Amino acid sequence: MLKLASAVIVGLALVHAPTTGEAAELAKSGSYDITNCWAGTSNVIVHSKAHIALSYTLTGTSLANKPGGPFGNLSYQCVGVVRVMQGTATGDGNCEYVDADGDKVLGRGIRTGNPGGEWTFINGTGKYAGITGGGAFKYLGQFPTVRKGHFQGCNRATGTYKLK
């Protein structure tokens with residue numbers, strides 16, 4: 001049951017898109033295609049096989065799937081919640097990405113199904129000020145657990161953004 005809860009957490013670990021460590025300058029608008037990988041911990045309530053609730057914290061890195069693409073080489077942190085009620089998982093979380101210059105992007109991910117969800121940009125600082133847009137993320141899998149109570153995984157995120 002704990003493995004199911006971990007899979008649910010990892011599946012939610014939202015799509016995140018922010019800075020460009022590889023690109024010289026971020027275009028004012030465009031599309032992104034990134035892979036986010038993370039590790040984190042959770043607090044889980046397993047009421048029954050069909051009723052699970054948890055909160056999670058995680059940290060990770062973001063890599064552009066095309067060399068030099070937007071939002072590659074970022075570090076991020078996320079907090080969120082997941083609920084499994086009658087076998088259906090829902091949840092949401094917030095993630096803050098930071099680039100090598102210290103500029104940040106804040107976003108919200110909402111789990112809309114198995115295995116993925118939707119991402120929306122909320123705010124940005126520095127070069128990301130005024131960012132809007134979002135997209136979808138898809139869970140790529142869970143890795144073996146190296147320590148009880150911890151989890152690792154990755155997702156692929158695609159979408160569009162626009163800067164003011």
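Analyst: Two strands pair if DSSP finds at least two bridges between them. Strands themselves are DSSP runs of E, at least two residues long, numbered from the N terminus. This is a predicted model, where local features need pLDDT of at least 70, side-chain atom pairs count only at pLDDT 80 or more, and totals for chains, interfaces and linings use all residues. Residues are numbered from 1 along each chain as its sequence is written, and side-chain values use heavy atoms, with hydrogens and water left out.

User: In what order do the strands close into a barrel?

Analyst: Strands of a sheet pair through backbone hydrogen bonds, either parallel or antiparallel. Here the pairing is antiparallel, and 8 strands close up. The order is β1-β2-β3-β4-β5-β6-β7-β8.

User: What does the twist average from one strand to the next?

Analyst: The angle is taken between axes, which are lines fitted to C-alpha atoms; angles run from 0 to 180 degrees between N-to-C directions. From one strand to the next, the twist averages 25°.

User: How many bridges join strand β3 to β4?

Analyst: Strand β3 covers residues 74-85 and runs antiparallel to β4. Val 82 has Gly 91 in β4 as its bridge partner. The two strands form a hairpin with 2 residues between them, and Gln 86 in the turn has a positive phi of about 55°. The number of bridges joining β3 to β4 is 11.

User: Which residue takes a positive phi in the hairpin of β4 and β5?

Analyst: β4 and β5 run antiparallel, joined by 8 bridges. Asp 92 has Ile 110 as its partner in β5, and Gly 91 has Arg 111. The hairpin has 5 residues between the strands, and the one with a positive phi, near 90°, is Gly 102.

User: How many salt bridges does the count come to?

Analyst: A salt bridge is a side-chain nitrogen of Lys or Arg within 4 Å of a carboxyl oxygen of Asp or Glu. One of them pairs Glu 96 with Lys 104, with the closest N and O atoms 3.9 Å apart. By this rule the count comes to 6.

User: How many residues apart are Arg 156 and Asp 33?

Analyst: Arg 156 and Asp 33 form a salt bridge, their closest N and O atoms 2.4 Å apart. Arg 156 sits in strand β8 (residues 150-162) and Asp 33 in strand β1 (residues 29-48). The pair links distant parts of the chain, and the separation is 123 residues.

User: Is Asp 99 buried or exposed?

Analyst: Asp 99 meets Lys 127 in a salt bridge of 2.6 Å, N to O. Buried means under 20% relative accessible area, exposed over 50%, and partly exposed in between (1.4 Å probe, protein chains only). Lys 127 has 31%, so Lys 127 counts as partly exposed. Asp 99 has a relative accessible area of 7%, so the word for Asp 99 is buried.

User: Which residues do salt bridges that share partners join into one network?

Analyst: Asp 99 and Lys 127 both lie in loops. Asp 99 is between β4 (88-98) and β5 (104-113), and Lys 127 is between β6 (116-124) and β7 (132-142), so their pair ties together parts 28 residues apart in sequence. Through shared partners, the network joins Asp 99, Asp 101, Asp 103 and Lys 127.

Conventions: Helices (H or I, at least four residues) and strands (E, at least two) are DSSP runs, numbered from the N terminus.
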